[in-house]
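Here's a quick briefing to keep beside you while you turn the model around on screen.

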Amino acid sequence: MKNNGNTFGKSFKVTTFGESHGDGLGCIIDGCPAGIELSRDVIQAALNRRKPGGSFGADGKLNVAVTARKEPDEVEIVSGVFEGKTTGTPITLLVRNTSQHSKDYGNLATTFRPGHADYTYDIKYDGNRDYRGGGRSSGRETLSRVAAGAVANELLKSKGIKITAYTIKAAGISAEKRDLSVIEKNALRAPDMEAAEKMQAAIEQIRQNGDSCGGIIECVIDGCPAGLGSPVFDKLDADFAKAMLSIGAVKGIEFGDGFGVADSYGSQNNDQMHAEDGKAVYDSNHCGGILGGLSNGNQIVFRLAIKPVPSIFKSQQTVCKVDGKYETTTLDIKGRHDICLCPRIVPVVEAMAALVLVDALYD
């Protein structure tokens, strides 16, 4: 049977559905244990952190990094929860679209946006694609992941596991501090308020120039027990990599010291150990909390490279399809688009990390 790639996980399975400009989007979760307390408010709170038009700076000004499209993203629990607790049956979560401007995409039926999945989707599905807002390839699909991640996170809380992601670089500006208490107090979700202000200023200038920018997101996971993961092909870091690279804008991932190990020595890179109160303790964490594909009990640390938003307000050269043949053309993109994806991808990263860990815990 053909794998269409809409389902993630082995024990805690999540299938997402819907398109950017369709009636709605959502997910079906199969494998969630019965008896877990779960309210709509918990899921809604997670969606509110991701939704368009919902990120504001500490001064109350609209976040220039994100799209002006305003969606309430109100979630409906259709099945799997009764009297505030999961029943052990499939959980269906649905969010209806309310603010589609599909007319902005009429010229994309046969013209392919540079940097988007328009051309590749057109090839794979023989021209049968929903081109409005990217359809299934739209970043809006990630709301389904965030909804599922909110459910997974309720299971992780009971295990004392906490996931925190944040922006450490955007528009060429890097965070110099790691103050996790300020992440939700600035528009970029950065752990450095001063750097966040500089990022915001740089992004505003990029927006005025009709362009976009990328960045780097870091994720730390505390409280993860040792031994999660499976050799050889289902290593925990391999599962994280698949999960993160399934997010459309993510183009790279590194754990711990990452690519820095290429310039290191074994004597520097090895995490030496000592015994403390009869337990094994690591003196450092160059590996990022994963060894041999298994968690080692340390804090799990990884970073993601986020590409610039491909929808920019500059004329670009591309191709269009006329009578089955491609012709060179120029494209001017319309619509409402993010300038920097980092702040809205932060909750998506946390959600996908939660799905990986829950699957590993219940495997």
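The side chain of Ser295 reaches the backbone oxygen of Pro225 at 2.6 Å. Bear in mind that this is a predicted model.

**Around Ser295**
- You'll find Ser295 in strand E15, which covers residues 294-295.
- Is Ser295 buried or exposed? Ser295 counts as buried because its relative accessible area is 4%, and the cut-off for buried is under 20%.
- Setting aside neighbours within four places in sequence, Ser295 has contacts that include Cys224, Pro225, Ala226, Gly227 and Leu228, plus Leu236, Gly289 and Ile290.

**The second largest pocket**
- The volume of the second largest pocket comes out at about 510 Å³.
- Its lining has 22 residues, and those closest to the centre are Arg49, Asn153, Lys162, Ile163 and Glu350.
- Helix H1 (40-50), helix H3 (142-157), strand E8 (162-170) and helix H7 (342-361) each give two or more residues to that lining.
- H3 provides the largest share of the lining, with six residues.
- By type, the lining residues of this pocket split into 13 nonpolar, six charged and three polar.

**Nonpolar cores**
- The largest nonpolar core holds 76 residues, and Phe12, Ile29, Ile221, Phe240, Met244, Phe302 and Val349 have the most contacts inside it.
- H7 gives this core its largest share, 14 residues.
- Apart from that core lies another of five residues, including Tyr166, Ile183, Val220 and Val301.
- Not counting residues up to four places away in sequence, Phe302 touches Ile221, Phe240, Met244 and Val349, among others.

Terms used:
Residues numbered from 1 in each chain as written. Predicted model: local features only at pLDDT ≥ 70, side-chain atom pairs only at ≥ 80, totals over all residues. Heavy atoms only, no water. Helix = DSSP H or I, 4+ residues; strand = E, 2+ residues; numbered from the N terminus. Buried < 20%, exposed > 50% of the residue type's maximum accessible area, 1.4 Å probe, protein only. Polar contact = N/O pair within 3.5 Å; in protein donor to acceptor, adjacent residues only side chain to side chain. Contact = heavy atoms within 4.5 Å. 1 Å grid on protein atoms, 1.4 Å probe; cavity = no way out; pocket = protein on both sides within 12 Å on 5 of 7 lines; lining within 4 Å. Points joined across faces, edges and corners; volume = space filled by probe spheres on them. Nonpolar A, V, L, I, M, F, W, Y, C, P; charged D, E, K, R; others polar. Core = buried A, V, L, I, M, F, W, Y, C linked by side-chain atoms within 4.5 Å.
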